[in-house]
Amino acid sequence: MRAMLSHLILATGLVSILAGVAPAAAKDKLTVYTYESFTADWGPGPAVKKEFEAECGCDLEFVSVADGVALLNRVKLEGAGTKADVVLGLDTNLTADAKASGLFAPHDEVSGINVPGGWSDDTFVPFDYGYFAIVYDTEKLKSPPKSLKELVEGASTDKIVIQDPRTSTPGLGLLLWVKSVYGDKAPEAWAKLKPKVLTVTPGWSEAYGLFTKGEAPMVLSYTTSPAYHMVAENTERYQAASFEEGEYLQIEVAGITTTGAKNPLAQKFIAFMAGPKFQDVIPETNWMFPAGKTDKPLNPAFDKLVKPTKTLLFNPQEVAANRKAWVDEWLAVMSK
């Protein structure tokens, strides 16, 4: 009986002690949907998370999918019930479609944005930009194509890895690049290019991985991709081909969802994204050009990159009106 009483007194005392200890307050949380390469260990995600959490005293959670088009597909599938507060990784080829979904909300005024052609949009804010390019291995390809026409009509022995326009923003970018050069003759161009395509991947990471493993001498990537190899690997082995017709511009953006409109951290993140603590991370992790204010100069390797002779870009409304038809056109050729 005494032993039982002792246990009871001990237990009662423990409850009293615990009752006097207030539970730790849960931190506010921001959920950002983005693409896989952004959240990779070598991507911008880890540094961005550390900097923003230090500034906001909150938890930043990244949720990643294969690539930008898949990102929009997921948000549309989840609808108004999406857990995303911010979607980071769409581009201008998707913004009109994204707005039409009714799942995005206006942002507060953001200053310091600087991208080719300027920027004015009440819903989406750029975080970086770059130009799509065919990157090649100089040890395997001594005479790279000098134009899109030369790529399409060149030797079928020179293989290339590309991405799927249904899931990937680079894949969609190539589709629009071909469309801007070939117009109504785009299906014929795809039919000529098809024998050179080693494989079509869901996203950029898989494609570039196959390329660097030596599976193909060419890959659809960016004019900025060689900077990574120059800075991180001290090699100029991988280069971007310069095309006579010009290169297609990509401006990557972020937007606040209707879910995020109820979370004050979403607007704080967009403002943070346009500033140096985010923008200084971009060039040597996402390997793109910064779109906002920076405190650090670009690495000299960026001065060695291909500079487009002409910038190609469809407006977002034209892409939204034609994207399904153009993708179906591509699929009809590539699935044969």
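This is a predicted model: local features need pLDDT of at least 70, side-chain atom pairs count only at pLDDT 80 or more; totals for chains, interfaces and linings use all residues.
Q: What's the mean pLDDT?
A: pLDDT is the predictor's confidence in each residue, from 0 to 100. The protein averages 93, and 93% of its residues reach 70 or more. Over residues 1-19 the pLDDT is below 50, and that stretch has zero contacts (heavy atoms within 4.5 Å) in the model beyond near neighbours in sequence.

Q: Back to α4. Which of its residues are buried?
A: In α4, residues 68-78, the buried ones are Gly68, Val69, Ala70, Leu71, Leu72 and Val75. Buried means under 20% relative accessible area, exposed is over 50%, and partly exposed is in between, using a 1.4 Å probe and protein chains only.

Q: And what does Glu78 pair with?
A: Glu78 makes a salt bridge with Arg74, closest N and O atoms 2.9 Å apart. A salt bridge here is a side-chain nitrogen of Lys or Arg within 4 Å of a carboxyl oxygen of Asp or Glu. Both residues sit in α4, four residues apart, about one turn of the helix. In general, an α-helix has 3.6 residues a turn, so residues three or four places apart point the same way. Glu78 counts as partly exposed at 30% relative accessibility.

Q: How much area is buried between them?
A: About 2,100 Å², with carbon and sulfur atoms giving 61%. That is the accessible area (1.4 Å probe) the two parts lose on being put together, summed over both. In domain 1, Asp67, Asn93 and Trp287 lose the most, together 33% of what that side buries.

Q: How many salt bridges cross that interface?
A: The rule finds one. α4, β3 (86-91) and α5 (95-100) each supply at least two residues of the domain 1 side that touches domain 2, and α4 gives the largest share, five residues.

Q: Which partners does Asp97 have, then?
A: Arg323 is one, at 2.4 Å between the closest N and O atoms. Lys76 is another, at 3.4 Å, N to O. Asp97 is in α5 and Lys76 in α4, so that pair ties together parts 21 residues apart in sequence. Asp97 is buried at 17% relative accessible area, whereas Lys76 is partly exposed at 37%.

Q: And what does Asp121 do?
A: Asp121 forms a salt bridge with Lys99, at 3.0 Å between the closest N and O atoms. Asp121 lies in the loop between β4 and β5 (124-137) and Lys99 in α5, so they link parts 22 residues apart in sequence. As for networks, shared partners join Lys76, Asp97 and Arg323 into one.

Q: Last one: is Thr257 buried or exposed?
A: Buried, at 0% relative accessible area. Thr257 lies in β10, residues 247-257. Among the residues Thr257 touches are Val87, Leu103 and Ala105.

Technical notes. Residues are numbered from 1 along each chain as its sequence is written. Side-chain values use heavy atoms; hydrogens and water are left out.
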